[in-house]
Amino acid sequence: FYSGWFKSLYEAESFDSYSGEYALARLLNTSPHIVWWHRLHPQDKAFIYYNPKDRYFPDFVALDDEGVHWIIEGKDKRGRDDARVQEKRRAAEGVVHRLLGVEGFADQRWGYLIAYEDDIARSDSWDDLKVKSEPVSN
């Protein structure tokens with residue numbers, strides 16, 4: 001567990017990778033346009049089906065100062081060419097668009113982005129990362 005976060009919903013968080021998840025958390029934590037972030041774990045049961053039988057668990061959810069809730073996935077740069085990663089991306093983008101029609105979410109703004117490790121390393125802020133990551137939002 002790593003502690004010292006001031007925008008995380010929890011004081012300490014654990015991560016599966018340093019250059020992806022930990023570096024992304026550090027970027028979210030220090031970016032002026034992020035209000036809060038949360039590291040999602042499988043026990044949070046926040047998952048997206050990317051085909052009829054398989055699901056995946058995004059890494060983070062965050063709220064920016066424009067009121068957009070972001071579903072964020074940290075990935076190795078090889079994910080750009082990985083068919084399964086891109087299948088997961090399409091499924092998550094579909095969820096973001098469908099949330100507009102779901103009672104309880106209709107008045108909320110949601111977005112999704114995959115943050116590749118090389119983009120995270122080259123970004124100084126959340127705004128930099130969004131430009132590099134081609135996010136989708138409703």
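Which strands does helix H1 (residues 18-30) lie across? In this predicted model, helix H1 lies across S3, strand S6 (60-64), strand S7 (68-75) and S8, and runs at about 155 degrees to S3. Helix H4 (residues 126-133) lies across S3, S6, S7 and S8 as well, running at about 80 degrees to S8.

The sheet under discussion is open and built from five strands, in the order S3-S6-S7-S8-S9, with mixed pairing. Its edges are strand S3 (34-39) and strand S9 (136-137), each of which pairs on one side only. Strands of a sheet pair through backbone hydrogen bonds, in either the parallel or the antiparallel sense.

| Strand pair | Sense | Bridges |
|---|---|---|
| S6 and S7 | antiparallel | four bridges |
| S7 and S8 | parallel | eight bridges |
| S8 and S9 | antiparallel | two bridges |

Individual residues place these pairings in the chain. Leucine 63 has histidine 69 in S7 as its bridge partner. The hairpin of S6 and S7 has three residues between the strands, and there glycine 67 takes a positive phi near 85 degrees. Valine 68 stands opposite arginine 109 in S8. From S7 the chain crosses to S8 through helix H2 (residues 83-98), and this β-α-β crossover is right-handed. Strand S8 covers residues 109-116. Tyrosine 112 has valine 136 in S9 as its bridge partner.

How many of the eight residues of S7 are buried? Seven of them are, counting a residue as buried when its relative accessible area is under 20%. S7 is therefore largely enclosed by the rest of the structure.

Terms used:
Residues are numbered from 1 along each chain as its sequence is written. This is a predicted model: local features need pLDDT of at least 70, side-chain atom pairs count only at pLDDT 80 or more; totals for chains, interfaces and linings use all residues. Side-chain values use heavy atoms; hydrogens and water are left out. Two strands pair if DSSP finds at least two bridges between them. Contact means heavy atoms within 4.5 Å. Axes are lines fitted to C-alpha atoms, for helices over the stretch in contact, and angles run from 0 to 180 degrees between N-to-C directions. Buried means under 20% relative accessible area, exposed over 50%, partly exposed in between (1.4 Å probe, protein chains only). A crossover is right-handed if, with the strands pointing away from the viewer, the path from the first strand over the helix to the second runs clockwise.
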